[in-house]
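Colleague: Please take a close look at one helix pair in this model, and then at the backbone of the loops. A plain description will do.

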Amino acid sequence: MTNSVVIGCADQALAYELRSQLDEIGDLEIGYIAETTSEFSSAVIRLEPEVVILHDAIGPQPAIDVVRELSLRRPTMSAIVVCGDPSPESLMPLVEAGARGILTYPLAFEKVEARMRAAAEWSRAMSDVVAAPHDPVGAIGARVICFTGSKGGVGTSTVATHLALDVAREVPDFRVALLDLDLEKGDVSSLIDVRYRTSIADVARVSDDLNVRTVADAVVPHDSGLHLLLTPHQVQDVEFITPQSVRVIIATLRQAYDLVIVDGGSHVTPTQVAAVELADEVVVVTTPDVLSLRGVRRNLDSWDGLGVRKADTTRVLVNSSSRRNAIQADLVHRLAQAPVISVALPSLHKQLEAAVNSRDPLTVRESSWWKALRAIGKEIELVPVQPRTDVAAEAIQAEISSRRTQRRGRGRRRRRDTDGSGAESGQISIETVGLLPTILLVCVFLWQIALVGMSSIYASHAADAAARQASLGHAPGPTAYQQVPSYFREGMSVAPNGSAPSNGVVSVHVKVPLLVPGLFSGPWSIDATRKVVQEP
């Protein structure tokens, strides 16, 4: 059986010697020889070899970090490290990182053959275990997507946040983490309403001994299901975040989640370079203008010069696209120097401004925005067919659930402390029941006063109408009764009733109802008297 091998070695002489000795073994096929760590990692992911050989002097990423990352992403693959220093202090960290074999100078054919055959057998055995029905294939290693900006203000943080939030909302069983690596001006916490105390700086301080609890304590769960790892509040804490710590943090997040979206910012910094090198997909966000497209070319040239990412392995996303733009899609394809995503995001400045002001991306109601985001996610394969499951992810979820339960318990205890003990609460309820009759009596008293006022108003209206009719020579009684509702006429009298007054005065007598008008009359009455002015 022929085994494929990928070699990572920047020393041409050593690479030639390795190739010659592997050719003598006979059943090995050299798939690729890489000169940088990024080129080596890309070849391993693309070719999926059974065995890899890595020189410890390769760069720019340390060999031990490459071995650790590949052992997490490809657990069935065997890594052999060619080490120039045979001391135990140099060899033990490589073995602990996941190396299956060590070769030292000078290379002896017998040792090379023995290491290669042992590594190949181990790789085949692990492949059989992983391919067993109880362990689904491809269930290890989250997909890491890094979004960077060609320059500031092109919407990198908005795109990354909205994409991550939409995936977490639409696929509930899919574990999504959003890592804000824009250390200079991280805007993720400004785009989404979340409060946090721990940040990526707290994780970076303990990156040498990172575990599940540390990640769970620093990750901020959002109500949508999205988990956030945000930038520190204090600027001085940024110095703790190094490229090495970023690599370890991303590797740990890759174990615990199904998708990790990184906001890498718009500046080419060591931390951004580390994220770009480790990401499965890098998307450069730009706007259709000359300044932004120049920024795309500048970033691509910088990554290529550092040996971390080739232009043809990077994608370009156009934001704020409109038919009124001077630069259209065909020109963007010619100027970008990298593959351009076929879907462009529409220009929605007002809607996005409202979402930023309210810190709620879901206030964007434009369906064209979300349709474009989902089409972009489908093109860059954000969500695979089947989410993975593993012990590390379940441990982090359990830890986050435990923290939520503890917070709820503390909240209930605080409420009990504020309200008093159970006995005191019962005493308050009894006192409230005791005050109920007094409250009812007060309400009845106020209602009776209102009836007195209503009786006085109706008596005045009736007296005015009676005096007006008497001045015209008519009987005042019938008109006075019409001014008063039927339920106030009980005990009402008008003097004189059926004829014009002889003394030039009319009076109306209205009895005040008791609680219910028309049913009970109280002992009180209201009298209204008006002088009659005879018309000529």
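Modeller: In this predicted model, helix H6, residues 156-170, and helix H15, residues 367-379, have axes that come within 10 Å and cross at roughly 85°. An angle of 65 to 115 degrees counts as roughly perpendicular, and H6 and H15 are therefore roughly perpendicular to each other. On the H6 side the contact is made by Thr158, Val159, His162, Leu163, Asp166, Arg169 and Glu170. Their counterparts in H15 are Trp369, Trp370, Leu373, Arg374 and Gly377. Sorted by class, the contact of H6 with H15 holds five nonpolar, three polar and four charged residues.

H6 itself has 15 residues and reaches 21 Å from its first C-alpha to its last, close to the 21 Å expected at 1.5 Å a residue. Of those 15 residues, 13 are buried, so H6 is largely enclosed by the rest of the structure.

H15 leads on to the loops. Glu381 is in the loop between H15 and helix H16 (391-419). The phi of Glu381 is near 60°, a positive value in a residue other than glycine. Most residues other than glycine have a negative phi, and most peptide bonds are trans. Ser320, also not a glycine, has a positive phi of about 60°; Ser320 sits in the loop between strand S12 (314-318) and helix H13 (329-336). Glu381 is exposed, at 53% relative accessible area, whereas Ser320 counts as buried at 18% relative accessibility.

As for peptide bonds, the one joining Gly59 and Pro60 is cis, with omega about 0°. Pro60 is placed in the loop between strand S3 (51-55) and helix H3 (63-73).

How values were computed. Residues numbered from 1 in each chain as written. Predicted model: local features only at pLDDT ≥ 70, side-chain atom pairs only at ≥ 80, totals over all residues. Heavy atoms only, no water. Axes fitted to C-alpha atoms, helices over the stretch in contact; angles between N-to-C directions. Helix = DSSP H or I, 4+ residues; strand = E, 2+ residues; numbered from the N terminus. Parallel < 35°, antiparallel > 145°, perpendicular 65-115°, else oblique. Contact = heavy atoms within 4.5 Å. Nonpolar A, V, L, I, M, F, W, Y, C, P; charged D, E, K, R; others polar. Expected span 1.5 Å × (residues − 1). Buried < 20%, exposed > 50% of the residue type's maximum accessible area, 1.4 Å probe, protein only.
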